Amino acid sequence: MKPIQVGLLGIGTVGSGTFEVLQRNQEEIQRRAGRGIEVAMVADLDVARAKSIVGTKVQVVDDARKVIANPEIDIVVELIGGYGIAKQLVLEAIEAGKHVVTANKALLAVHGTEIFAAAHKKGVMVAFEAAVAGGIPIIKALREGLTANRIQWLAGIINGTTNFILSEMRDKGLTFGDVLKQAQALGYAEADPTFDIEGVDAAHKATIMSAIAFGIPVQFDKAYVEGITKLESQDIKYAEQLGYRIKLLGISKRTAAGIELRVHPCLVPAKRLIANVEGAMNAVMVQADAVGTTLYYGKGAGSEPTASAVIADLVDITRLHTADPLNRVPHLAFQPDAMSNLPILPMAQVVTSYYLRLRVADQAGVLAKVTGILANADISIDAVLQREAGEGESHTDLIILTHDCVEAKMNQALAEMQQLSTVLAPITRIRKEELN
Ligand code: HSE
């Protein structure tokens, strides 16, 4: 049988990895897919560079629409990124009856509802394993492997750049700024790393996972997003003294009132496996009722790890494209007419525990006032650490770990504590998850 024909839109890091792995493992892939998979056409603005990667047997053009218009192409792989031209091209490919594979988490987190509806109407598949956690097959696991379960929560280290920065800050005691420069020099962070360090990239991925885990629409606009730019090395050290590591987590939880969807730095017990995921690696923990806790670990970015996910999607489509669309795996795991309308909860309604660091005057009664405010707000304290004041210092650091409470109550207590004349600097608040 003629190999299924693939058109790549963009042949940068992931595209070239996809081409290379498809070539190298073509025999093994064909044995799995039941049919060959062939890159027949590539669109890239840098035609000369693209030709140097794919050689003379593959047609290279500088206009993505020529790929979409080619009736021979069965699957369009969008590797352009962003939500501008990539969105138009994906919608045009769907309209042209092509199946689509994309690694574009931003596009799906923001415009997924429109894209999946268009694909459903047209009877084509949009596959996106590479959009979340690179080479880790987390989409497949959530959508198919865990399909028997009622998923309760998931928590993931889903941005390699920020995990690298946090690991280096902890290991070497460096500041955020110093490690960021290093991450850029090593090519981990983007030249403009804003989406990484501000938590936006992780929130895109968490949004997609929450939709598949709970059968809700993608709702990036409702996600709470806080990055790591304000994290200080001293908090990493204090957390360590208390038996915790600080990670940037993407979290989504099902509660009776709605779905929590949030990305923020988070204390995690050092003894949890996920707390020991270091450098640019990714990991996702999933808690589900039948299977219990599962953990998925691997490379979240890079040429061949991401290509591994893209090709898995190509194989899936090759196997399923002749199936009745109604019998295929739904894009978001749940049948489109069986989606839940559980709301995404505002951050004020989220329940979690906290790490607080207060710079306080080293005077009698300060601790009593602070703990009194927490007690009045019905917030229970889990642990307290007070740094001994240095010689000649009239202030000290008070570190408090709390038990779970609703965020609105913590906001109120923080505002009251901040008003105390003995609290000398803005209070640092970092959320904490026990993940047990
Ligand atoms: N910038 C992302 C990261 C790349 O650092 O994880 C993969 O999405």
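**Entry 1: the pair V101 and A127**

I looked up V101 and found that its bridge partner in β6 is A127. Strand β5 (residues 99-102) and β6 run parallel and are joined by two bridges. I took two strands as paired if DSSP finds at least two bridges between them. Strands here (E, at least two residues) and helices (H or I, at least four residues) are DSSP runs, numbered from the N terminus.

I noted that this is a predicted model, in which local features need pLDDT of at least 70 and side-chain atom pairs count only at pLDDT 80 or more, while totals for chains, interfaces and linings use all residues. Residues are numbered from 1 along each chain as its sequence is written, and side-chain values use heavy atoms, with hydrogens and water left out.

I then traced the sheet itself. It is an open sheet of six strands with parallel pairing, in the order β3-β2-β1-β4-β5-β6. Its edge strands, β3 (59-61) and β6 (126-127), each pair on one side only. I recalled that strands of a sheet pair through backbone hydrogen bonds, either parallel or antiparallel.

**Entry 2: strand β7**

Which strands pair with β7? I found six bridges that join β7 to strand β11 (residues 281-288), and the two run antiparallel. I also found four bridges between β7 and strand β9 (residues 244-254), again in the antiparallel sense. As examples, L154 stands opposite V286 in β11, and W153 stands opposite K253 in β9.

I next checked the burial of β7 (residues 151-157). The strand is largely enclosed by the rest of the structure, because six of its seven residues are buried. Buried means under 20% relative accessible area, exposed means over 50%, and partly exposed lies in between (1.4 Å probe, protein chains only).

I also looked at N282, which is in strand β11. N282 has a relative accessible area of 1% and is therefore buried. T322 is 40 residues from N282 along the chain, and I noted 34 Å between their C-alpha atoms.

**Entry 3: strand β17**

I repeated the check on strand β17 (residues 428-432). Four of its five residues are buried, so β17 is largely enclosed by the rest of the structure.

I found that β17 pairs with strand β10 (residues 259-269) in the parallel sense over two bridges. In that pairing, L267 stands opposite K432. Strand β13 (residues 351-361) is joined to β17 by five bridges and runs antiparallel to it. There, Y355 stands opposite I430.

**Entry 4: the ligand**

Which residues come nearest to the ligand? Of the 10 residues around the ligand, I listed K105, G160, T161, D196 and K205 as the nearest. A residue is near a molecule if one of its heavy atoms lies within 4 Å of it.

I then looked for polar contacts, that is, pairs of N or O atoms within 3.5 Å; within protein, one atom must be able to donate a hydrogen and the other to accept it, and residues adjacent in sequence count only if both atoms are side-chain atoms. The side chain of K105 has an N or O atom 2.5 Å from an oxygen atom of the ligand. The side chain of K205 has an N or O atom 2.8 Å from a ligand oxygen atom. G160 has a backbone N or O atom at 2.7 Å from an oxygen atom of the ligand.

On its own the ligand has 260 Å² of accessible area, and the protein covers 86% of that. The areas come from the Shrake-Rupley method with a 1.4 Å probe; for residues, only the protein chains shown count as cover. I found that α8 (160-172) and α11 (200-214) are the elements giving two or more residues to the shell around the ligand.

I sorted the shell residues into one nonpolar, four polar and five charged. In this scheme Ala, Val, Leu, Ile, Met, Phe, Trp, Tyr, Cys and Pro count as nonpolar, Asp, Glu, Lys and Arg as charged, and the others, Gly among them, as polar.

**Entry 5: cysteines**

How many disulfides does the structure hold? I searched the whole structure and found zero. C266 is in no disulfide, and the nearest cysteine sulfur, that of C405, is 14 Å away. The two sulfurs are too far apart for a bond, since a disulfide is a pair of cysteine sulfur atoms within 2.5 Å. C266 counts as buried because its relative accessibility is 0%. C405 is also buried, at a relative accessible area of 6%.

**Entry 6: positive phi**

I noted that most residues other than glycine have a negative phi. A333, not a glycine, has a positive phi of about 75°, and its place is in the loop between α13 (303-320) and β13. D378 has a positive phi near 65° and lies in the loop between α14 (366-376) and β14 (381-386). Is D378 buried or exposed? With 59% relative accessibility, D378 counts as exposed.
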